[in-house]
Amino acid sequence: MFLSHIEGGTSFCYKCCFDALSIRRNPSERLPLPIYHTSSDVPNPGAFTSTVEVDDIIFEREPAHNKKQAEINAAKVAFQHPN
């Protein structure tokens, strides 16, 4: 299982699991592949913002210091979405 160091503690790598759920499920139960859009945050140099789109729903979270963390942050919001 992949773990990621987030905010001083160990946190589950939501992006890994979210992506895996899209690939490994039975075809009839498979989630649509997530589409990530990540960019440098213009007002905050050195920060990245990311959104993830799943089934026409877009999820976003606060900026991060690198692209990978920004995508994990967005995936966490999508992973915890009730639908």
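Two strands are taken to pair if DSSP finds at least two bridges between them. In this predicted model, S4 and strand S5, which spans residues 57-60, meet that criterion with four bridges in the antiparallel sense. The two strands form a hairpin with two residues between them, and Asp 55, which lies in the turn, has a positive phi of about 55°. Within this pairing, Thr 51 stands opposite Glu 60 in S5.

On the S3 side, strand S3 (residues 35-40) pairs with S4 over six bridges, again in the antiparallel sense. Ile 35 stands opposite Glu 53 in S4, while His 37 has Thr 51 of S4 opposite it.

## Overall composition

The protein chain holds two helices and five strands, and read along the sequence these elements follow the pattern β-β-α-β-β-β-α. Of its 83 residues, 34% are buried. The accessible surface of the chain comes to about 5,700 Å², and carbon and sulfur atoms account for 54% of that area.

Among the contacts in the chain with a separation of 6 or more, 25% are accounted for by residues 24 or more positions apart.

Strands S3, S4 and S5 make up an open sheet with the order S3-S4-S5 and antiparallel pairing. S3 and S5 are the edge strands, each of them pairing on one side only. Neighbouring strands of this sheet are turned against each other by 20° on average, with direction ignored. Helix H2, covering residues 67-79, packs on the sheet and touches S3, S4 and S5, and the direction of the helix makes about 40° with that of S4.

Strand S4, which runs over residues 48-54, is mostly covered, since five of its seven residues are buried.

## The nonpolar core

The largest nonpolar core has eight residues in all, namely Tyr 14, Tyr 36, Val 52, Val 54, Phe 59, Ala 74, Ala 75 and Ala 78. S4 and H2 each supply at least two residues of this core, and H2 gives the most, with three residues. In soluble globular proteins, nonpolar side chains tend to be buried together.

Phe 59 is one of the residues of this core. When its neighbours within four places in sequence are left aside, Phe 59 is in contact with Ser 50, Thr 51 and Val 52, and also with Ala 74, Val 77, Ala 78 and His 81. Of these contacts, Val 52, Ala 74 and Ala 78 are themselves listed in the core.

## The salt bridge

The count of salt bridges in the model comes to one. The side chains of Arg 61 and Glu 62 meet in this salt bridge, with an N to O distance of 3.1 Å. Side chains of opposite charge can pair when their charged atoms come close.

How accessible are the two partners, given that a residue is called buried under 20% relative accessible area and exposed over 50%? Arg 61 has a relative accessibility of 27% and therefore counts as partly exposed. Glu 62 has a relative accessible area of 35%, so this residue is partly exposed as well.

Definitions and conventions: Residues are numbered from 1 along each chain as its sequence is written. This is a predicted model: local features need pLDDT of at least 70, side-chain atom pairs count only at pLDDT 80 or more; totals for chains, interfaces and linings use all residues. Side-chain values use heavy atoms; hydrogens and water are left out. Buried means under 20% relative accessible area, exposed over 50%, partly exposed in between (1.4 Å probe, protein chains only). Contact means heavy atoms within 4.5 Å. Accessible areas come from the Shrake-Rupley method with a 1.4 Å probe; for residues, only the protein chains shown count as cover. A salt bridge is a side-chain nitrogen of Lys or Arg within 4 Å of a carboxyl oxygen of Asp or Glu. Axes are lines fitted to C-alpha atoms, for helices over the stretch in contact, and angles run from 0 to 180 degrees between N-to-C directions. A nonpolar core is a set of buried Ala, Val, Leu, Ile, Met, Phe, Trp, Tyr and Cys residues joined through side-chain atoms within 4.5 Å.
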